[in-house]
Amino acid sequence: MKVPLNIDWQQILLHLLNFTILFAALYFFLYKPVKDFMEKREAGYKKQHDDAEQALADAEKTKAEYEEKIAGAEEEIAAMKTEAGTKNAEERARVIEQAKAEAVTIVEAAKKRGELEHDKIIAEAQREIADIVTTATEKIVLSADVSKSYDEFLKSAEGNAKNE
Amino acid sequence: MSKKKSIVTFAIFLVIIIALYVGILLLGKPAPRAETLGETMKDAVLHETMKVDLFGFMEVNPGLISAFTVTGVLTLFAIFCRIFVIPRFKEIPGKFQMILESLVGIFRGLAKSNSPEKNQVLSAYIFTAGVYIFVGTIFELFGVQVITTSGSPVSLPAPLSDINGAIAMGGLSYLFILGGGIVNNGWHGILGTLKEFSLPLSMSFRLFGALLSGALVTELVYYSMSLSFVLPVIVGVLFTLLHALIQAYVLTLLVSIFYGEVSEKKLEKPRRFRKEKKNSNNTITPEVSK
């Protein structure tokens, strides 16, 4: 069959065969090895990049953690300080209160004791006076000498006073 | 050398060249051509008389011999690279490695940018096609001579200036696009490719026309002796280089664009939308009937 433009199917097929051979040769000997090499290198660089990114992210995370920890510690310290402050004040107040109370009791006790002593002294003095009076009276009564008795009485009173 | 001296030297050269040119034109009675310009041009297009014997198997156009030669040269080059160059590739590329890598990189980038979803096979195909077209067109410049069956010598043309080669390339590219459509998209891919039914024709004849025109213009210029001094450098070398670059780029670009188009996944939105509408109608009707 005569095709216009002298198109020859057999030669077209030969051209196709030629191109197929060329495709196979270029693909296996040139394209694929070069592509594989480029991809390998790209993957290597990508891995390096990813690793660096990962390391950076880890470092950032650790840093954030530490910062958080430091902030927490600062807060804790502040809390402790305020707590200690309030505790101190409380303690002081309590101690003062206690001291005051103690002072009051001490004063009370001292007062009481003073009163008791006072009473005791007075009572003793009264008793002694009574004793003196009794002895003097006895003596006077027994000697029946009034002037003597007066003297006796005064003497004994003097003596008592000296003894006191 | 002073400026004056160099001007004098240049003038001397110019005078010699002009004298020789005039002399040749005056003396030259070129040997009568075996065929007229019309015959030569017609044969460059139709290849009716200039046939080359292919291993005693059949008579073929010289373009096919060019194609085989180009394939042979490229295969040898690839094997050479595979054995001697690629095993010594380094992380930081040298000059030759840089050339090979950017060659592969250009076609991979072209494939990726035009067909983002599937481009592994595509980039290999356009790599081969681009290299074949470029080297095949450059091959014309070497002017390798073969003897035709009629006994006269013919310089091998670009493989794709032979219409059979151009049809093979264009048709194969179309089939490749069709194959990509079928593999990646099934029936949608086939329809998407068949929609572009003029593509094989346009691709084949673009190659054929572009490369043949180069050959014809060169033939035309060489036919007349007075034109064959400085002009061939421009029309022969520059045109051929431009053709080589442009045609390699255009075909690979077209193949990647159409491949990307037919292999891209189509969204089946309209059908689902209709279904939902139907369902919502069904749910409403019972409530209305109540």
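By about how much of helix α1 of chain A are A:E91 and A:R94 separated? Point 1 takes up this question.

1. The model is a predicted one. A:E91 and A:R94 are three residues apart in helix α1 of chain A, so about one helical turn separates them. Their side chains meet in a salt bridge, with a distance of 2.9 Å from N to O. A:E91 is partly exposed, its relative accessible area being 39%, and A:R94 also counts as partly exposed, at 47% relative accessibility.

2. A:K47 is exposed, with a relative accessible area of 53%, whereas A:D51 counts as partly exposed at 42%.

3. As regards chain A as a whole, it has two helices and zero strands. Of its 164 residues, 15% are buried. The chain exposes about 13200 Å², and carbon and sulfur atoms supply 62% of that area.

4. The contact between the two chains draws 52 residues from chain B and 30 residues from chain A. Between them the chains bury about 3800 Å², of which 72% lies on carbon and sulfur atoms. B:R108, B:T128 and B:N164 supply 15% of the area that chain B buries against chain A, which is more than any other three residues.

5. Across this interface, 12 residue pairs are in polar contact, with both residues at pLDDT 80 or more. On the side of chain B that touches chain A, β2 (58-60), α3 (62-85), α4 (95-114), α5 (120-142) and α6 (163-185) each supply at least two residues. The largest share of that side, 12 residues, comes from α3(B).

6. Over all chains the count of salt bridges comes to six, and two are found between chain B and chain A. B:R108 forms a salt bridge with A:E39, the closest N and O atoms lying 2.9 Å apart. This pair crosses from helix α4 of chain B to helix α1 of chain A. B:R108 is buried, with a relative accessible area of 11%, while A:E39 counts as partly exposed at 30%. The side chains of B:E101 and A:R41 also meet in a salt bridge, at 2.5 Å from N to O.

7. Is A:Q11 buried or exposed? A:Q11, which lies in helix α1 (residues 9-143) of chain A, has a relative accessible area of 1% and is therefore buried, the cut-off being under 20%. Leaving aside its neighbours within four places in sequence, A:Q11 is in contact with B:K51, B:M58, B:E59, B:V60, B:N61, B:L64, B:D162 and B:N164. A polar atom of the A:Q11 side chain lies 3.3 Å from the backbone nitrogen of B:N61.

8. Finally, the surface of chain B deserves a remark. B:L141, B:L227, B:L231, B:V233, B:I234, B:V237, B:L238, B:F239 and B:L241 make a nonpolar surface patch of about 690 Å². Helix α9 (residues 231-263) of chain B gives the most to this patch, with seven residues. B:I234 is found in helix α9 of chain B and counts as partly exposed, at 40% relative accessibility.

Conventions:
Residues numbered from 1 in each chain as written. Chains lettered and ligands numbered in written order. Predicted model: local features only at pLDDT ≥ 70, side-chain atom pairs only at ≥ 80, totals over all residues. Heavy atoms only, no water. Helix = DSSP H or I, 4+ residues; strand = E, 2+ residues; numbered from the N terminus. Buried < 20%, exposed > 50% of the residue type's maximum accessible area, 1.4 Å probe, protein only. Areas by Shrake-Rupley, 256 points an atom, 1.4 Å probe, with all protein chains shown as cover. Patch = residues over 30% accessible without salt bridge, like charges linked within 9 Å, V, L, I, M, F, W, Y side chains within 5 Å. Salt bridge = Lys/Arg side-chain N within 4 Å of Asp/Glu carboxyl O. Contact = heavy atoms within 4.5 Å. Buried area = accessible area lost by both parts, 1.4 Å probe. Polar contact = N/O pair within 3.5 Å; in protein donor to acceptor, adjacent residues only side chain to side chain.
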